Amino acid sequence: KNAPASDVPCVRPETSPIPDYLNAVLEKARSNDGGAPAAYIETLANADTSKMAVALAMVDGKVYSAGDDKIEFSIQSISKAFVYALAIEDAGLPRVLEKIGVEPSGDRFNELSLEKGTNRPMNPMINAGAITAHSLVVGPNSTVEERTDRILKALSKLAGRELHVDEEVYEAELKDANRNMAIGYMLKAAGIISCDPRVAVTGYIRQCSINVNVSDLAMMSAVLCNAGVHPVTGERIIPQLSVRQVLSVMTTCGMYDSAGDWVSRVGIPAKSGVAGGIIGTLPGQVGIAAFSPKLDERGNSVRGVDICEQLSLDMGLHMM
Ligand code: DON
């Protein structure tokens, strides 16, 4: 016999709309006042550190966001994940693997970290690997404009709106690019990149200077969650094999020398950027993006990590 409705135990907690929940997650993260914004260029050093935002993009195309979700910031190293996919598409996976490894370096993102024996940068998420990946986009003799045009168009398609380079960030990064230029010249000397190192590094800096907001990043992440098919348009944007490769290196190397800490705390593939953005990508489920400018000593957003950890706990996102 069916039990009367009143006898059915209520096993679901009271639910509130998702943005209310996301606002609560942001407020909790606000209590962590640690870290400092990146100081190497003025635009980042002067960022308003009170700003915080979070967005979730589902594989059915719905996006939920809260906080300063209209604020744009430079994508920085988060671009490395997507440009790695483009390098695989343009140069082929065997060529990419010949030039860039897939092992965590355990060193800071701007160390040279070349693998003994092969001379390859350890992985595509550190600067040396990302500069190499950038040089493999389009063709070996392409110009800065050709490569950045390809990258800008691809990232815009992923985000679902037209993105632009922040020229102020680009100019400032270029003026102070000695370390990345040095990495470029070392890559050339090691026989890893074949083009002019200045072209590869200038293009890489332009790629890092593309502006995004958290909703853009969540949608870009959701394309990876959805095996390379855009959740809104249904268009295949990234081949499935490339998605697998990208998510693998995001899992092992996406959070730099704190990858192990991240995997145990949050447990999903991720990538961070020095402007304070982070993406998390849970295959088949949800693309997460968080933003807050203050970074920890490894270059990851302090509150961004807290936000992702909270979401992972509350929604049971951890892969293990
Ligand atoms: O290459 C650089 O120094 C920066 N334009 C990007 C690095 C970055 O985002 C590192 N991330 N935490």
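Q: In strand 7, which residue is the bridge partner of Thr281?
A: Let's start with a pair of strands in this predicted model. Strand 6 covers residues 277-282 and strand 7 covers residues 286-291; they run antiparallel and are joined by six bridges. Further along, Leu282 stands opposite Val286. For Thr281, the bridge partner in strand 7 is Gly287.

Q: Which residue takes a positive phi in the hairpin of strand 6 and strand 7?
A: This hairpin has three residues between the strands. One of its residues has a positive phi near 80°, and that residue is Gly284.

Q: In strand 6, what is the bridge partner of Ser272?
A: Here we turn to strand 5, which pairs with strand 6 in the antiparallel sense over three bridges. These two strands also form a hairpin, with four residues between them, and Gly276 in the turn has a positive phi of about 110°. Across the pairing, the partner of Ser272 is Ile278.

Q: Is strand 6 largely enclosed or left open by the rest of the structure, and why?
A: Look at both faces of the strand. On one side Gly277, Ile279 and Thr281 are buried, and on the other Ile278, Gly280 and Leu282 are buried too. Because six of the six residues of strand 6 are buried, the strand is largely enclosed.

Q: Is Ile100 buried or exposed, and why?
A: Ile100 lies in the loop between helix 4 (93-99) and helix 5 (127-135). Residues it touches include Arg120, Pro121 and Thr132. Because Ile100 has 28 C-beta neighbours inside 10 Å, and 20 or more is the cut-off, it counts as buried.

Q: How many charged residues does the shell around the ligand have?
A: Residues surrounding the ligand include Gln76, Phe109, Glu173 and Cys208. By class, three residues of the shell are nonpolar and eight are polar. The number of charged residues is one.

Q: What is the mean pLDDT of the protein?
A: The model scores ipTM 0.96 and pTM 0.94. A pLDDT of 70 or more is reached by 96% of the residues, and the mean is 95.

Terms used:
Residues numbered from 1 in each chain as written. Predicted model: local features only at pLDDT ≥ 70, side-chain atom pairs only at ≥ 80, totals over all residues. Near = placed C-beta within 6 Å. Nonpolar A, V, L, I, M, F, W, Y, C, P; charged D, E, K, R; others polar. pLDDT = per-residue confidence, 0-100. Buried ≥ 20, exposed ≤ 12 C-beta atoms within 10 Å, placed from the backbone. Contact = placed C-beta atoms within 7 Å. Pairing = 2+ DSSP bridges. Lists of a residue's contacts leave out its neighbours within four places in sequence.
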